Amino acid sequence: MTEVREVAGRDDVAVTGDCLPEQVGQVGGKAVGLGSLLRAGQRVPASFVVTADAYREYLRTQPRGLPAPLRASIAGAYAALCEQHGTDVAVAVRSSATVEDSAEASWAGQFQTYLGVSGAGDVLASVEQCWAAALDPHVGAYRAGQQLGADAGVAVIVQELVDARAAGVMFTQHPETGDRSLIVIESSYGLGEAVVGGDVVPDLFEINKITRQRHRSRLGSKHTEHRLLPGGRGVQAVPVEPVRQQDWSISEAEVMALADMAADLEAKLGRGLDAEWAIGTAASTHGEEALFALQVRPITVKPRQPATAGRDGDAIGHILGRLSGRPPEGGAR
């Protein structure tokens, strides 16, 4: 395995931008996707990765908790993320399984995500909770059902949290029919967890990839939004006012910006992509709104028409290196 550049001089915390397909066994599918986004020139929230080796070290030291050197490494990486802002940065702490987000198995919903985590102590606790959740019986049952080895590692992403006005998911081809001519966007108010968690029926936009004309749209029932609490500690679900429920969650210009992002990602990373995005503010934007790419993975839904995922030149080969074993070409910065 190619070495991942270290943070704080140890191999248990790694730089997300250096995560390549051949390192998926060490940093997990989400981290490899983030590395692909960065090399594609997208705006991505700052992050670092706690590696699968650190997880295995944690398993060896249970029930004593995180070993002191590992605690120091994670706390140091978080301090470096916060350093330029002069304050604790609110982050999302997400599991990144080393067999996750492949064409063969999507681990969506099997692991934990913690949002609005702020301060080194809470970051350390959330990392440990991610690992403890990976030992739950339902995860073991899913692993067995996918015929995966019991020693598959779990890395953890610690990523600057975008205080999103709107967020959602986007597909570079139709996820059900496999139609390559369409970009499909789902959007709702607040953080994207309302969309990916099924709490709302999001607004839907289907855009022709070539003409950029709207093929179809549907106004969703956006009765709830997840918002970052003041001070960045925690997230709460709040009701959406009835008048806002009847409005589109994003503007026409923002729909077009997302369509442009989808086309750019497809050109650089291959076909068949499922991306999470957010429009909002973050510590790194100093209060200015921006469009962020949060995650990217191959589409894992089996289309009713002939699929594209997993074929030569498609997303799974580029992001996870299943075909060539080489990192994505193009878009390096």
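Biologist: Where does Ala92 lie?
Modeller: Ala92 is in strand 4, which covers residues 91–97. Keep in mind that this is a predicted model.

Biologist: OK, and is Ala92 buried or exposed?
Modeller: Buried: the relative accessible area of Ala92 is 2%, and the cut-off for buried is under 20%.

Biologist: Which residues does Ala92 touch, leaving out those up to four places away in sequence?
Modeller: Tyr114 and Leu115, plus Ile157, Val158, Gln159 and Leu161.

Biologist: How many residues apart in sequence are Ala92 and Gln159, and what's the spacing in space?
Modeller: They're 67 residues apart in sequence, with 5.2 Å from C-alpha to C-alpha.

Biologist: What about contacts across the protein, for residues at least 6 apart in sequence?
Modeller: Of those contacts, 66% join residues at least 24 apart.

Biologist: Switching to helix 3. What does it reach from its first C-alpha to its last?
Modeller: Helix 3 runs over residues 68–83, so 16 residues, and reaches 22 Å. That's close to the 22 Å expected at 1.5 Å a residue.

Biologist: Which residues of helix 3 are buried?
Modeller: Leu70, Ser73, Ile74, Ala77, Tyr78, Leu81 and Cys82.

Biologist: Now the whole protein. How many helices and strands?
Modeller: Nine helices and 14 strands. Out of 333 residues, 54% count as buried.

Biologist: And what does the accessible surface come to?
Modeller: About 13800 Å², with 50% of that belonging to carbon and sulfur atoms.

Key. Residues are numbered from 1 along each chain as its sequence is written. This is a predicted model: local features need pLDDT of at least 70, side-chain atom pairs count only at pLDDT 80 or more; totals for chains, interfaces and linings use all residues. Side-chain values use heavy atoms; hydrogens and water are left out. Helices (H or I, at least four residues) and strands (E, at least two) are DSSP runs, numbered from the N terminus. Buried means under 20% relative accessible area, exposed over 50%, partly exposed in between (1.4 Å probe, protein chains only). Contact means heavy atoms within 4.5 Å. Accessible areas come from the Shrake-Rupley method with a 1.4 Å probe; for residues, only the protein chains shown count as cover.
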